[in-house]
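Hi,

Here is the structure I promised to hand over. Have a look at it first, and then read on for what turned up.

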Amino acid sequence: YEAKQHELDYCVFDEALQRKVSAERHQTERFLQALAQGELSIALQPQIDLATGQCVGAEALCRWYDQELGHVSPAIFIDIARKQGVLAELGIQVLTKTCSLMKEWQQRYGQLPKVSVNVGAQQFAAPDVVEDFLSICKGIEAQAVTLEITESDLMIDPQLALTVTRRLRDHGFRLAIDDFGTGYSSLAYLQQFAVDILKIDMSFVQAMIKDESSKTLVNTIIAMAQTLGLETIAEGIETAEQAQLLKELGCQGGQGYYFGRPVPPEEFAKTWLE
Ligand code: C2E
Ligand code: MG
Ligand code: MG
Ligand code: MG
């Protein structure tokens, strides 16, 4: 009891901890305000066909710049959004921005670029998720939009994910499993989920040059994807050596700083579409 009491006193008077808690609360408040005022933006990263070196699409990644806090990493604010139960709202804003950009580009460049957006498990639980997606994407072909769902998010409620992903795919959206290899989905699930693309997690891509077992794993994922008729995209390619090896292993797509970092829409268009 004495030890516990001591711990309690220690916590209450621990100024460093208190400062941390109030900084986090402040960050959360600023984030909720930014979301409510539509201040989030998107950056786009090119997706490259490894065989030809051509840019074949882009991934839209959410960005939050705050006057006071500066650029805050998605690792932090996506987690805040999840905890605050507003990830579905964030997803709607990102998809809306992405779709209006696609329409603009279609008009300006005469062809519709393919874009991927990230979708969190919380979004599946929103009652009208499919209807919302359809109405936001009205006017562009659903086939040009890929929804990326992480393997671990898929496994939070596999039954719900299965139902929603099937409906989305019935409407023409393409589906990708993000960070593949880091979650715990079974082959059986993989076969049931109506996915089109496996995105090989960057941890394996970056380890495979030096680590034989990571290389074997990447090779196995690609072979398995081929068997199931799925496309593969490798994430986090930072060197020519990694790109070359992935190409040799039969991986179709690649993304990473070696090809291009995520950049604001105008810069993306100038670099990759003009
Ligand atoms: P992700 O979807 O797997 O996106 C890839 C992340 O890897 C991005 O980080 C990207 O900037 C980074 N990246 C790309 N190439 C390289 C590389 O060569 N090296 C390294 N070290 N990193 C690379 P970012 O933008 O910080 O996003 C982190 C994660 O936050 C995303 O991972 C995604 O899970 C989540 N996220 C971002 N935007 C959204 C969104 O709109 N909705 C949801 N639900 N999640 C999002
Ligand atoms: Mg992604
Ligand atoms: Mg990923
Ligand atoms: Mg990730």
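This is a predicted model: local features need pLDDT of at least 70, side-chain atom pairs count only at pLDDT 80 or more; totals for chains, interfaces and linings use all residues.

Residues are numbered from 1 along each chain as its sequence is written, chains are lettered from A and ligands numbered from 1 in the order in which they are written, and side-chain values use heavy atoms, with hydrogens and water left out.

(Helices, H or I with at least four residues, and strands, E with at least two, are DSSP runs numbered from the N terminus.) D179 is partly exposed, at a relative accessible area of 26%, whereas E235 is buried at 10%. Buried means under 20% relative accessible area, exposed means over 50%, and partly exposed is in between (1.4 Å probe, protein chains only).

Now for the other magnesium ion, ligand 2. Its protein donors are E59 (OE), N118 (OD1), E148 (OE) and D178 (OD), lying 2.0 to 2.2 Å from it. Their spacing in sequence reads E-x58-N-x29-E-x29-D. N118 in strand β4 (residues 115-118) and E148 in strand β5 (residues 145-150) link distant parts of the chain, 30 residues apart. N118 is partly exposed at 31% relative accessibility, and E148 is buried at 1%. You'll have spotted D178 in both sites: D178 bridges the two magnesium ions, which lie 4.4 Å apart.

What about ligand 1? It is surrounded by 22 residues, and the closest are R63, N118, D178, E238 and Y257 (a residue counts if one of its heavy atoms lies within 4 Å). There are polar contacts too, meaning pairs of N or O atoms within 3.5 Å; within protein, one must be able to donate a hydrogen and the other to accept it, and residues adjacent in sequence count only if both atoms are side-chain atoms. A polar side-chain atom of E59 is 3.0 Å from an oxygen atom of ligand 1, and a polar backbone atom of C62 is 3.1 Å from a nitrogen atom of ligand 1. An N or O atom in the side chain of D179 lies 3.1 Å from an oxygen atom of ligand 1. The protein covers 82% of the 800 Å² of accessible area that ligand 1 has on its own (Shrake-Rupley method, 1.4 Å probe).

Finally, look at Q123 in helix α5 (residues 121-125). Q123 is buried, with a relative accessible area of 3%. Leaving out residues up to four places away in sequence, Q123 touches L87, A88, G91, I92, N118, V129 and F133, where contact means heavy atoms within 4.5 Å.

Cheers

Notes
Donors are N, O and S atoms within 2.8 Å of the metal (3.2 Å for Na, K and Ca); water is not among the atoms, so sites may look incomplete.
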